[in-house]
Amino acid sequence: MSDKWLEWAKRIQALSQSGLAFSKDVYDIERYEELRSISTEIMQEYTGLNMKTIKDLFTNEKGYQTPKVDVRGVVFKDDNILMVKEKVDDKWSLPGGFCDIGLSPSENIVKEIKEESGYDVTPVKLLALLDLNKHPHPPQPYHYYKIFIQCKVTGGEAKSGVETKGIGFFKEDHLPELSVGRNTESQIRMLFEFLRDSQKETVFD
């Protein structure tokens, strides 16, 4: 299948979820539930996820659907970038994750970096706000925005967390195997541009 099928499935899911959130008519609700079921079948065919996983993802969503927000911390040390090894796929990513309700993006990244790497940090600059769909990530069931925030280490020490099994600093030309669902090589190389040019403007889209 082409990527268009995945985009159509996500649009059908978003429309069905919005319909279920606002519709009062029992027949319309049945139609929206059928549309959601169709979207899960397409997702299963395209992404390889099992049907139960996809249904759980979709049925837990309530209200008008909007993109999810993923925040990633960018920490440089001696021309190297901080990365953590993910337990889920044994590959490397910038520390971070979904933004939690009640926390700002900067508060989220301070928490995520501490939990995943052991370091205390202070956010210093918003480097990029990217749409996952415009970058070479593997197919995902949701539409994501990814926020990259540069931080400086203020304390702590390297320590793996519940979701991580390794911590390291890597040079641009010696990157480890990346967890590309979380960050791509082109994104990491873009972040190194900020290391070389402190006046570089925030990147978006």
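The lining of the largest pocket divides into four nonpolar, five polar and nine charged residues. This picture comes from a predicted model. The pocket has a volume of about 470 Å³. Elsewhere, the largest nonpolar core holds 17 residues.

**The largest pocket**
- Its lining is made up of 18 residues.
- R72, E86, V88, F98 and R182 lie nearest the centre of the pocket.
- β1, β4 (96–98), α4 (105–117) and β6 (144–156) each give at least two residues to the lining.
- β4 provides the largest share of the lining, with three residues.

**The nonpolar cores**
- Within the largest core, the residues with the most contacts are V74, I81, M83, L94, F148, I188 and L191.
- Four elements each supply at least two residues of this core: β1 (68–77), β2 (80–86), β5 (119–131) and α5 (185–196).
- The largest share of this core comes from α5, which supplies five residues.
- Another core, of 10 residues, lies apart from the largest one. Among its members are V75, L82, I109 and I147.

**A look at I81**
- Which residues does I81 touch, leaving aside its neighbours within four places in sequence? I81 is in contact with V74, V75, F76, L94, G168, F169, F170, L191 and F192.

**A look at T40**
- T40 sits in helix α2, which covers residues 26–47.
- Is T40 buried or exposed? T40 has a relative accessible area of 3%, so it counts as buried, the limit being under 20%.
- The T40 side chain reaches the backbone oxygen of S37 at 2.6 Å.

Definitions and conventions. Residues are numbered from 1 along each chain as its sequence is written. This is a predicted model: local features need pLDDT of at least 70, side-chain atom pairs count only at pLDDT 80 or more; totals for chains, interfaces and linings use all residues. Side-chain values use heavy atoms; hydrogens and water are left out. A nonpolar core is a set of buried Ala, Val, Leu, Ile, Met, Phe, Trp, Tyr and Cys residues joined through side-chain atoms within 4.5 Å. Buried means under 20% relative accessible area, exposed over 50%, partly exposed in between (1.4 Å probe, protein chains only). Contact means heavy atoms within 4.5 Å. A polar contact is a pair of N or O atoms within 3.5 Å; within protein, one must be able to donate a hydrogen and the other to accept it, and residues adjacent in sequence count only if both atoms are side-chain atoms. On a 1 Å grid over the protein atoms alone, a cavity is a set of points where a 1.4 Å probe fits but cannot get out, and a pocket is an open set with protein on both sides within 12 Å along at least five of seven lines; lining residues have an atom within 4 Å of a point. Grid points are joined across faces, edges and corners, and a volume is the space filled by probe spheres set on the points. Ala, Val, Leu, Ile, Met, Phe, Trp, Tyr, Cys and Pro count as nonpolar, Asp, Glu, Lys and Arg as charged, and the others, Gly among them, as polar.
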